[in-house]
Amino acid sequence: MKQEPLTVVRNQLIALDTYEMVLKGEEIPSLVQVGQFIHIEIGEGEEFMLRRPISIAEVNDEEKTMTIIYKVTGKGTHWLSQLEQEGQLNVLGPLGNGFNIEHHNHDHILIVGGGVGVPPLYHLAKKLSQHNHVTAVLGFQTKEAVFYETQFQQFANTKITTDDGSYGYKGQVTKVIEKLNQPFTTYYACGPSGMLKAVQNQMSHLNGYLSLEERMGCGIGACFACVCEHTNDKGYVKICQDGPVLKASEVIL
Amino acid sequence: MNLNVSLGEVELKNPVMPASGCFGFGKEFSPFYNLNELGAIAIKAATGKARYGNPTPRVAEASSGMLNAIGLQNPGVDGIIKDELPYLQNYDTPIIANVAGSTLEEYVQVTSKLTDEPAIKAIELNISCPNVKEGGVQFGTDPQLAYEVTKAVKSVSTKPVFVKLSPNVTDVVAIADAVYKAGADGLSMINTLTGMRIDLNKKKPIIANGTGGLSGPAIKPIAIKMIHEVRQQIDLPIIGMGGITSTEDILEFLLAGADAIAVGTANFKDPFICKRLIDELPETLRQYGFGSLQEVREQGCHNQSILL
C-alpha cells in the first residue's frame with residue numbers, strides 16, 4: 001500500500017456516463033493484484049473530504065500503467081471526468097484482497113458482471129484465460145451503457161444482457177446463466193448488491209466469489225463504514241480490508 | 001521547538017492526536033508512520049458488548065465534510081482488551097479509551113474494565129454519539145444526565161476522565177459546567193453535528209440510518225466558537241476537534257482555548273496527516289510569532305482582546 005501521485009495518460013468517455021482512465025506511476029501499478037482497488041483523492045482544497053474507491057480493470061507492467069473505469073454519479077466523479085492528460089491524481093493503493101486464481105488450471109469458469117462491477121472482471125478474465133475456459137455474462141442498463149464487449153471477447157465467451165433489451169439478451173444476468181450448459185467449477189461476480197444476491201442464490205451449488213461494493217471512508221479498515229454481514233465468528237467483514245473479494249457462501253447480503 | 005503538553009496529569013509529547021472513530025485501534029495506520037510520533041491516540045469507542053452498528057450505507061460526503069452513522073460498531077470492551085490493546089502496548093504513546101453506552105450502568109461497567117489497563121492513560125466519556133438509538137447523545141444534551149454519568153464514571157475510574165461534548169445543544173457551557181461539577185478532568189469538543197443528505201434518484205436519505213453525524217472542515221467554525229465559549233467559563237483542559245486539516249487550523253483551536261487537538265475526518269483523505277501536522281507545527285507557530293505552545297495559550301485564552 002502506497003500513496004503516490006499518478007499521472008493521467010488518458011481519460012475518455014466509453015459508454016453512457018462511463019469513463020476509462022489510464023494512470024501511470026512508478027510504484028502503485030506494479031503492486032496491483034487482480035481484484036484490488038485504489039482510493040482516489042478528489043478535487044483540490046477541502047470541498048471533497050472522502051476519497052473514491054475504484055476498482056482496477058487492467059495493468060500494464062511494461063508501461064507502468066493501470067486502467068480504471070468509473071461512472072459519473074455525482075460531483076466527485078464529475079470532477080474526475082474533467083481531468084485532462086498529464087493531470088495528477090493522489091492515489092492510495094493498491095488496497096484490499098483481490099481474486100485468488102493461482103490454483104485454476106483447465107477449469108471452466110463463469111464470470112458475472114453488472115454495470116460498473118464489470119471492470120475488475122476484465123483484469124480477471126484476461127488472467128484466467130491463460131489456462132482456463134472462461135465464460136462472461138455481463139449485464140448493463142441499456143445499449144448505450146455497454147462497454148468492453150470486444151475486449152472481453154478476446155478472453156471469454158461473452159454474453160451481454162440489458163435491462164431494457166436494447167442490446168444483447170433482455171433482462172437479468174441470471175436468465176442467461178440459467179441457459180448456459182457448461183460444467184463450471186467456479187464463478188466470480190461483481191456488480192450491484194441485488195444482482196450479487198440473485199447470483200449467489202442461483203449458484204449456491206458452485207464454489208463462488210463476490211467482489212463487493214460499498215460507500216467507504218478510510219479504505220484501510222479503520223472507520224467501519226463498509227462492513228458486510230458474514231458467517232465468521234465476528235459476524236462481519238470490512239469490505240475494504242477483508243474484501244472486496246469474498247467467498248460467496250460466507251457473505252450475508 | 002518543544003511541543004510537550006500537559007492535559008492535567010496526562011503528558012503528551014505534542015498536542016496532536018487522531019480522534020476516536022477515525023483511527024480504528026491504531027494498527028490500521030501503522031503502515032504509514034510510527035505511532036510513537038503521535039501525542040496520543042483516541043481509540044474507537046468501546047461498549048459493554050460487541051456491537052454490529054447500523055446498516056450500510058453508513059457514510060456520505062457533504063460539502064467540506066462527511067456524514068457518518070457507523071453506530072458504534074466495536075468488538076466490545078472485552079474484545080478490545082484481548083485483541084486490540086496488546087498491539088498498542090508496543091508504543092509509548094498514551095492511549096485514550098473512548099467509552100460509550102446505552103445506560104449509565106454500561107458506561108460504568110466499560111470504564112471499570114478499561115481503567116486499570118496499563119496502556120490506557122485516560123478515559124474519553126462519549127456522551128455525544130448521535131448515531132445510536134439508546135443512550136449516547138441523550139446523556140450529552142441534558143445537564144443533569146451528563147452530571148450523573150460523569151459522576152458515576154469518575155467514581156470507578158483510576159484514570160483522568162475527559163468528557164466528549166455534543167454540539168447538538170443550545171447551551172454547551174451548561175453541559176460543560178455540569179460535567180465539571182461532577183468531577184471531569186477535561187473536555188473533548190466537539191463531536192459531530194446531526195445532519196442528513198438525500199439521494200435524488202432513490203428519493204430517500206443516502207445513509208441507511210437516515211441521519212448521520214457531520215464532521216470535517218464544514219463544522220470547524222462551530223467547534224472553535226464552542227471551545228472559545230467554554231474556555232471563558234470552565235477551567236479544564238480541552239482537547240479540541242472539528243474539521244482540522246492544517247497547522248493553521250491547530251493554531252486557531254489553540255487560540256480559542258484548546259490545550260491539545262484531535263484530527264478526525266482528515267485521516268481518511270490523507271492517512272499521513274497527523275504526522276505531517278506534527279512536523280509542520282513548529283514552523284507555523286514561529287510564522288505567527290510564537291516561540292512555544294505556552295506562548296500561544298497565554299496570548300490566546302488569557303488575552304483580553306480575544307475574550308470579547
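## Contacts between chain B and chain A

In this predicted model, 13 residue pairs are in polar contact between chain B and chain A, with both residues of each pair at pLDDT 80 or more. The elements that give two or more residues to the side of chain B touching chain A are β5 (59–62), β6 (65–68) and α8 (266–269) of chain B, and the largest share, four residues, comes from β5(B). Sorted by class, that side of chain B has 17 nonpolar, nine polar and seven charged residues.

The contact draws 33 residues from chain B and 30 residues from chain A, and the two chains bury about 2,700 Å² between them, 61% of it on carbon and sulfur atoms. Of the area that chain B buries against chain A, 28% is supplied by B:E61, B:F268 and B:K269, more than by any other three residues. Two salt bridges are counted between chain B and chain A. In a salt bridge between B:E61 and A:R52, the closest N and O atoms are 2.6 Å apart.

Over all chains, the structure holds 22 salt bridges. One of them pairs B:E37 with B:K275, with the closest N and O atoms 3.6 Å apart. This pair links distant parts of the chain, since B:E37 is in the loop between β3 (16–18) and β4 (41–46) of chain B, whereas B:K275 is in helix α9 (residues 273–287) of chain B, 238 residues apart. B:E37 counts as partly exposed because its relative accessibility is 30%, and B:K275, with a relative accessible area of 23%, is likewise partly exposed.

B:K275 also forms a salt bridge with B:D279, where the closest N and O atoms are 2.9 Å apart. Here both residues lie in helix α9 of chain B, four residues apart, which is about one turn of the helix. B:D279 is partly exposed, with a relative accessible area of 47%. Through salt bridges that share partners, B:E37, B:K275 and B:D279 are joined into one network.

## Helix α6 of chain B

Helix α6 of chain B comprises 14 residues (residues 220–233), which at 1.5 Å a residue should span 20 Å, and its end C-alpha atoms are 21 Å apart, in agreement with that expectation. The buried residues in α6(B) are B:K220, B:A223, B:I224, B:M226, B:I227, B:H228, B:V230 and B:R231.

B:K220 has a relative accessible area of 15%, and therefore counts as buried. The side chain of B:K220 meets that of B:E252 in a salt bridge of 3.8 Å, N to O. B:E252, at 38% relative accessibility, counts as partly exposed.

## Buried positions in chain A

A:N11 is placed in strand β1 (residues 2–15) of chain A, and a relative accessible area of 18% makes A:N11 buried. The side chains of A:N11 and A:Y70 are joined by a polar contact of 2.8 Å, while a polar atom of the A:N11 side chain lies 2.9 Å from the backbone oxygen of A:L83. Leaving aside residues up to four places away in sequence, A:N11 touches A:Y19, A:E20, A:M21, A:Y70, A:L80, A:S81, A:Q82 and A:L83.

A:T174 is found in helix α5 (residues 173–179) of chain A and counts as buried at 12% relative accessibility. Residues up to four places away in sequence not being counted, A:T174 touches A:A198, A:V199 and A:Q202.

## A buried glycine in chain B

B:G264 has its place in the loop between β16 (260–263) and α8 of chain B, and counts as buried at 14% relative accessibility. Although B:G264 and B:S20 are 244 residues apart in sequence, they are 7.4 Å apart in space, C-alpha to C-alpha. B:G264 touches B:A19 and B:C22, again not counting residues up to four places away in sequence.

Key:
Residues numbered from 1 in each chain as written. Chains lettered and ligands numbered in written order. Predicted model: local features only at pLDDT ≥ 70, side-chain atom pairs only at ≥ 80, totals over all residues. Heavy atoms only, no water. Expected span 1.5 Å × (residues − 1). Buried < 20%, exposed > 50% of the residue type's maximum accessible area, 1.4 Å probe, protein only. Contact = heavy atoms within 4.5 Å. Buried area = accessible area lost by both parts, 1.4 Å probe. Salt bridge = Lys/Arg side-chain N within 4 Å of Asp/Glu carboxyl O. Polar contact = N/O pair within 3.5 Å; in protein donor to acceptor, adjacent residues only side chain to side chain. Nonpolar A, V, L, I, M, F, W, Y, C, P; charged D, E, K, R; others polar.
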